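Trainee: I have a structure open and would like to learn how to read it. Could you walk me through some features?

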Amino acid sequence: MINQIQSLGHKGLDFFQRLGRAHILIVDILKGLPVLLLRPGLIVQQIFSVGVLSLIIIVVSGFFVGMVMGLQGYNTLVDFGAEESLGVMVALSLVRELGPVVTALLFAGRAGSALTAEIGLMKATEQLSAMEMMAVDPVQRVLAPRFLAGFISMPLLAAMFSAVGVLGGFFVGVGLLGVDDGAYWSQMQSSVDIYDDIYNGVIKSLVFGFVVTWIAVFEGYDAIPTSEGVSRATTRTVVHSSLAVLGLDFILTALMFN
Amino acid sequence: MTTRIAEIWVGLFVAGGIAALFMLAMKVSNLSTYSSDSGYDVTAYFEDISGLKVRSPVTMSGVRIGRVKAISFDKQRLSALVTMEIEGEYDTLPDDSSASIYTAGLLGEKYIGLEPGAGSNDCEEFSLDDSGEIKIEETKNTDCKPSTLHQGSEIKLTQDSLVLEKLIGQFISKFLDDDKNKKEPAK
Amino acid sequence: MDENKTLVKVRDLKFARGGRMIFDGVDLDIQRGKITVIMGPSGTGKTTLLRLIGRQLKPLEGSIIVDGEEVTTLGHRQLYELRKRMGMLFQNGALLTDLSVFENVAYPIREHTNLSDELIRTLVLMKLQAVGLRGARDLMPAELSGGMARRVALARAIALDPMMIMYDEPFTGQDPISMGVLVRLIRNLNDALGLTSVVVSHDIEEASSIADYIYLLSGGKVVAHGTTEDLANSDSEWAQQFMNGKPDGPVPFHYQAPPYAADLKID
Ligand SMILES: Nc1ncnc2c1ncn2[C@@H]1O[C@H](COP(=O)(O)OP(=O)(O)OP(=O)(O)O)[C@@H](O)[C@H]1O
Ligand SMILES: [Mg+2]
């Protein structure tokens, strides 16, 4: 009994220590950003590995999600004779929720885990130590560009996800099921608001981008420098960032749409 | 060389992302219906606006000419005060136009439809002449124009939203009455 | 001792890891322009000592002064300035795995100078030539053997011509020929460029052949120090055991543990 309480306390302390380290790290990263802007080459390189390489999975998933929504939405709406509103349904769910959230989840799995593994292995093989001894600060040289690249890539990926999803819905709804072409777009335009929906969706994906890359970069940097430590850190990145995304989504939705 | 390829890809990626944002803004959302030069505000009182929302369309002859800017409740008049923003280019709407709340389709969105009035103007003067007949005279005022809706004007003639529940309620009670009337003579 | 001739001055150094004292009051002086060899049984904390000097770790107590600066309290910026003047060769090389051999050696130059590509190429090829790997410049680290990787790391450590280089076991994994080359290289770098070298090594023969001064570490303390002759002629048991590689003596072969019999549950 006492032991259990103690282990609980230990875990709690551990958690707060990690949280503290994560905050110190993000402050260091943010401090490094202005210097980083002088070396755009580093950022471009990272946007390539974080953003461009995630493109395929995002675009393909977006198209399929849009198609499924087209199908499901049509089947529901046709009962009410309201299949003209298919565009509204597809667009609103994508722009407000599915775009930012699913993109962030896929991003955590595709890019976040890769970031953690890469940084963790660099730590395990002493590459980060070697950089420090070469008077190169790994936080600024390795972590900051990756963080910035994730933060920039996420909203772009989410926008592409939503846009492709709307096209997927169009393909199924208009192309296959015969919803009126004009109605699909015009109903959508009259119900989707630039500020309420699009802008808020972009804000969401910016927040998710910040949090997911922060977690990924921190887990890698904080990993125990062994193969097991890195593999655990990678798992933690995916689990923690998924939970963080879903939790934050609820909070943001409550703040934005009420 | 490899950095070059990476740079090209990143360029395409960023361009694609921005294009997607642009498409969401222009094709998916209502940004294209926001006019650049702001229009003028017109108010109207309705007894019942249920279903109408801020940013619902305001149309005339089926063409969108503005949108609902604000909805509030007037405590004195105990009715809803709707402020509409009409786009600046539509500056020739007669000031006795009427506003009704319609529904697009059976379950669709509510919108406000304006119908142009005859256009009252101050160009004519009414007076009773000696024989007691109404005499209409053109005023000498040369710069008289038909008066139009402008910033702050109020649309007096309004018709409320058709509420489906009320309609069904009326229909049912009428149906029941008919039923009763039919049964009564049989007794 | 002349203060100016001491580059690194360690006083009363204490450091613990996982609740175990690794250093318990170590005093050490490293002379400018000399090769100082640090020897000691595996696991005594030789690597840890180098990391403490480079301030990758912070000591519990004590002071470490490098080139007149107290590294234990140095601010971030000054620390990085100081590190530019230090080179370190890691025990396993620690090459950046996503860069080729050439780019690895060029890395510190690119990071800290604005030299033209032309000049960088010349510099890098010179350093690679010195370690005999000019032909391997296009290989990736994964394609190198352990010994080659360490030599590339050495080329990288000397890329910026630092004032001091710390070598963590430079000789392990080298064949006799490259070992000889390395010994000469370290000697030459030291004498020609006026570097200060700190070499951690187990290899008594090689180490004593280049050492100007030797420190023997064991059990968290300096147990003996002196020039090679001093130690060879010393009647200190520690020195005798280590210099002659005897299994018995004050230096324990085993990591601290409960009695063997108790561990095996033999009564
Ligand atoms: N991260 C760590 N956590 C806890 N203890 C550690 C850690 N790293 C090293 N140690 C301990 O510190 C001691 C010194 O390690 P160090 O690597 O400095 O030894 P070394 O003298 O370089 O040995 P070798 O000659 O085998 O390289 C070891 O006993 C080891 O158990
Ligand atoms: Mg070691």
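Predicted model: local features only at pLDDT ≥ 70, side-chain atom pairs only at ≥ 80, totals over all residues.

Trainee: At roughly what angle do the axes of helix 8 and helix 9 of chain A cross?

Mentor: Crossing angles over 145 degrees count as roughly antiparallel. In chain A, helix 8 (residues 194-222) and helix 9 (residues 227-256) have axes that cross at roughly 155° and come within 9 Å. That makes the two helices of chain A roughly antiparallel. The crossing of helix 8 past helix 9 in chain A is right-handed.

Trainee: Which residues make the contact between them?

Mentor: On helix 8 of chain A they include A:I203, A:V207, A:F208 and A:V211, and on helix 9 of chain A they include A:H240, A:A244, A:V245 and A:L248. Sorted by class, this helix 8 to helix 9 contact in chain A has 13 nonpolar, 5 polar and 4 charged residues.

Trainee: Now chain C. How many helices and strands are in it?

Mentor: Chain C has 10 helices and 10 strands. Its radius of gyration is 19 Å, close to the 18 Å from the globule rule for 267 residues, so chain C is as compact as a globular protein of that length. The C-alpha trace of chain C spans about 70 × 40 × 40 Å along its principal axes, and 49% of its 267 residues count as buried.

Trainee: And which chains share the most contacts?

Mentor: Chains A and B do, among the 2 pairs of chains in contact. Chains B and C do not touch, and their nearest C-alpha atoms are 13 Å apart.

Methods: Residues numbered from 1 in each chain as written. Chains lettered and ligands numbered in written order. Heavy atoms only, no water. Contact = heavy atoms within 4.5 Å. Axes fitted to C-alpha atoms, helices over the stretch in contact; angles between N-to-C directions. Helix = DSSP H or I, 4+ residues; strand = E, 2+ residues; numbered from the N terminus. Parallel < 35°, antiparallel > 145°, perpendicular 65-115°, else oblique. Left-handed = near helix turned anticlockwise from the far one by under 90°. Nonpolar A, V, L, I, M, F, W, Y, C, P; charged D, E, K, R; others polar. Rg over C-alpha atoms; globule rule 2.2 N^0.38 Å. Buried < 20%, exposed > 50% of the residue type's maximum accessible area, 1.4 Å probe, protein only.
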